Amino acid sequence: MPTKEEHIMMVAEKLFAANGYNGTSVRDIATKAKVNVSMISYYFGSKENLMEELFKWRMEEGLNFAKNILENNDLNEIQKIDAFIDNFVNRVQRLRDFFLLVHTQQVISQNKNIQSFLKDSKINYIEINQKIIEQGLKKGIFTVKPSYHLLQCTISGTIFNAMHGMKLYKEYLKKHNPDFDEKHYENQYFQEVRSHVKAIVRAMVGYKEE
C-alpha cells in the first residue's frame, strides 16, 4: 500500500499529465486524493515542491533498480542489459503519465531542480550501462565498444517514441493486419518494443547469440 505522501503524488501525477501543471491546482489534487488542502501543504509545502518530490521519487525508483541490476552477480552482462531494458519498458508502460510529464518538463520546464534531476538521472544511466558493457567487453561477451551516451539515447529515444506513437501505430496495424488483436494490442506492442530495443543494443555492442 502506498504511503499518504505517495498516494498524493500518484494523484497529482495523473492530474498533471491530463491537465498540465498550470492547469492543476492544489485543491484539484486534494479533491481527487480525498485529503485536505492543509495535508498537502503539510507534506509538500507547495505545488512546485510536490512536483519536485514526484520527480525525485519516480527517478530514484528507476535508478535503484538499475543499480541493483549492475550489482547482481547472478546475471551475466547480456542478461543485465536485457533486465535493464525490460524494466525501462515496463515502467514506461505502467507509468505513462509520469513519462509524459518527463517529456513535457524536458521541453518547457523552468524548474531548475527538475532539470537537475533529469540531467543527473540520464548521466547515472549512461554510467551504469557503460560499466555493464565494459565488463562484457573484458569477458568477450561483447565485441564492439559503442558510444555510451548515444547508446542510452537510442534506448530511451526508441522507447519514448514508441510510447508516443502507440495510438498511431494501432490505427496502422488495424488497417493493414486482418488478424489484428485489439484486446491484447498494448501488451503485444510493448513486448515488441522490448524485443526491438534488445536487438538494436545487441548490434551496437557486437553480441551474438550462442
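Is Phe99 buried or exposed? Phe99 counts as buried, at 8% relative accessibility; buried means under 20% relative accessible area, exposed over 50% and partly exposed in between, with a 1.4 Å probe and protein chains only. This is a predicted model, in which local features need pLDDT of at least 70 and side-chain atom pairs count only at pLDDT 80 or more, while totals for chains, interfaces and linings use all residues. Residues are numbered from 1 along each chain as its sequence is written, and side-chain values use heavy atoms, with hydrogens and water left out.

**Aromatic pairs**
- The whole structure holds 16 aromatic pairs, where rings of Phe, Tyr and Trp (its six-membered ring) pair if their centres lie within 6.5 Å; planes under 30 degrees apart count as stacked, over 60 as edge-to-face and the rest as tilted.
- One of these is the edge-to-face pair of Phe84 and Phe88, with 6.2 Å centre to centre and 80 degrees between the planes.
- Both residues belong to helix 5 (residues 77-94), where four residues, about one turn of the helix, separate Phe84 from Phe88; helices are DSSP runs of H or I with at least four residues, numbered from the N terminus.
- Phe98 and Phe99 also form an edge-to-face pair, at 5.4 Å centre to centre and 70 degrees between the planes.

**Burial and clustering**
- Phe84 is buried at 5% relative accessible area, and Phe88 is buried at 11%.
- Phe98 is buried as well, with a relative accessible area of 1%.
- Ring pairs join Phe55, Phe84, Phe88, Phe98, Phe99, Tyr125 and Phe160 into a cluster.

**A charge over a ring**
- Lys47 lies over the face of Tyr21, 4.2 Å from the ring centre; this requires NZ of Lys or CZ of Arg within 6 Å of the ring centre and within 35 degrees of the ring normal.

Technical notes: Helix = DSSP H or I, 4+ residues; strand = E, 2+ residues; numbered from the N terminus.
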